[in-house]
Amino acid sequence: MRQQLKALSEIVAQANDLFYEKNKTHDTVIGIMDKSLRKQGMNADAISVDCIPLNKKIVFLLHDEKPKLVDIAFGNKEGDISTSSQLQLDTLSVNCVVEFMNDYFK
């Protein structure tokens, strides 16, 4: 696993734990895509957080050509994207991810 993906996965996992502590009815599942996107020809890795009861998903995408940025997409399990944004990777914190989850998974 690449270092950026490993660091991001740790942030997302911690945020997911904090989110679940306060939202026991919102089951979430974390997925790491470190090979599947590359097999499809995309030079990127991603982490998804799915809130299955709400049919909502947050995807954190790390493109090889943008090593200092993370794309964040909000959508559903079918792959429809409702909004997206881009942040400096070094500014993405556990609290920031928890805020995303609190805002989108409510």
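Guide: A residue is called buried under 20% relative accessible area, exposed over 50%, and partly exposed in between. Please note also that this is a predicted model.

Visitor: Then where does Asp64 fall, buried or exposed or in between?

Guide: Asp64 has a relative accessible area of 28%, and therefore counts as partly exposed.

Visitor: Which salt bridge do Arg2 and Asp64 make, and at what N to O distance?

Guide: Their side chains meet in a salt bridge at 2.5 Å, N to O. The two lie in distant parts of the chain, 62 residues apart: Arg2 is in the segment before helix 1, and Asp64 is in the loop between strand 3 and strand 4 (69-75). Arg2 is partly exposed, at 35% relative accessibility.

Visitor: What about Asp64 and Arg38?

Guide: Asp64 forms a salt bridge with Arg38 too, and here the closest N and O atoms are 2.8 Å apart. This pair again links distant parts of the chain, since Arg38 sits in helix 2 (residues 36-39), 26 residues from Asp64. Arg38 is partly exposed, with a relative accessible area of 27%.

Visitor: Which residues are linked in that network of salt bridges?

Guide: The network links Arg2, Arg38, Asp45 and Asp64.

Visitor: And how many salt bridges does the count come to?

Guide: The count comes to seven salt bridges. Among them is one between Glu10 and Lys6, whose closest N and O atoms are 3.2 Å apart.

Visitor: Why are Glu10 and Lys6 separated by about one helical turn?

Guide: Because they are four residues apart in helix 1. Glu10 is partly exposed at 40% relative accessible area, and Lys6 is partly exposed at 39%.

Visitor: Changing topic: how many cavities of 30 Å³ or more are there?

Guide: There is one, and the largest cavity has a volume of about 30 Å³. Its lining consists of Arg2, Gln4, Leu5, Asp45, Leu62, His63 and Asp64. Helix 1 (3-22) and strand 3 (56-63) are the elements that give two or more residues to this lining.

Visitor: How does the lining of the largest cavity divide by residue type?

Guide: It divides into two nonpolar, two polar and three charged residues.

Visitor: Finally, the surface: which residues make a nonpolar patch?

Guide: Met1, Ile30 and Ile32 make a nonpolar surface patch of about 270 Å². Ile32 belongs to strand 1 (residues 28-33), and Ile32 counts as partly exposed at 39% relative accessibility.

Conventions: Residues numbered from 1 in each chain as written. Predicted model: local features only at pLDDT ≥ 70, side-chain atom pairs only at ≥ 80, totals over all residues. Heavy atoms only, no water. Patch = residues over 30% accessible without salt bridge, like charges linked within 9 Å, V, L, I, M, F, W, Y side chains within 5 Å. Areas by Shrake-Rupley, 256 points an atom, 1.4 Å probe, with all protein chains shown as cover. Salt bridge = Lys/Arg side-chain N within 4 Å of Asp/Glu carboxyl O. Buried < 20%, exposed > 50% of the residue type's maximum accessible area, 1.4 Å probe, protein only. 1 Å grid on protein atoms, 1.4 Å probe; cavity = no way out; pocket = protein on both sides within 12 Å on 5 of 7 lines; lining within 4 Å. Points joined across faces, edges and corners; volume = space filled by probe spheres on them. Nonpolar A, V, L, I, M, F, W, Y, C, P; charged D, E, K, R; others polar.
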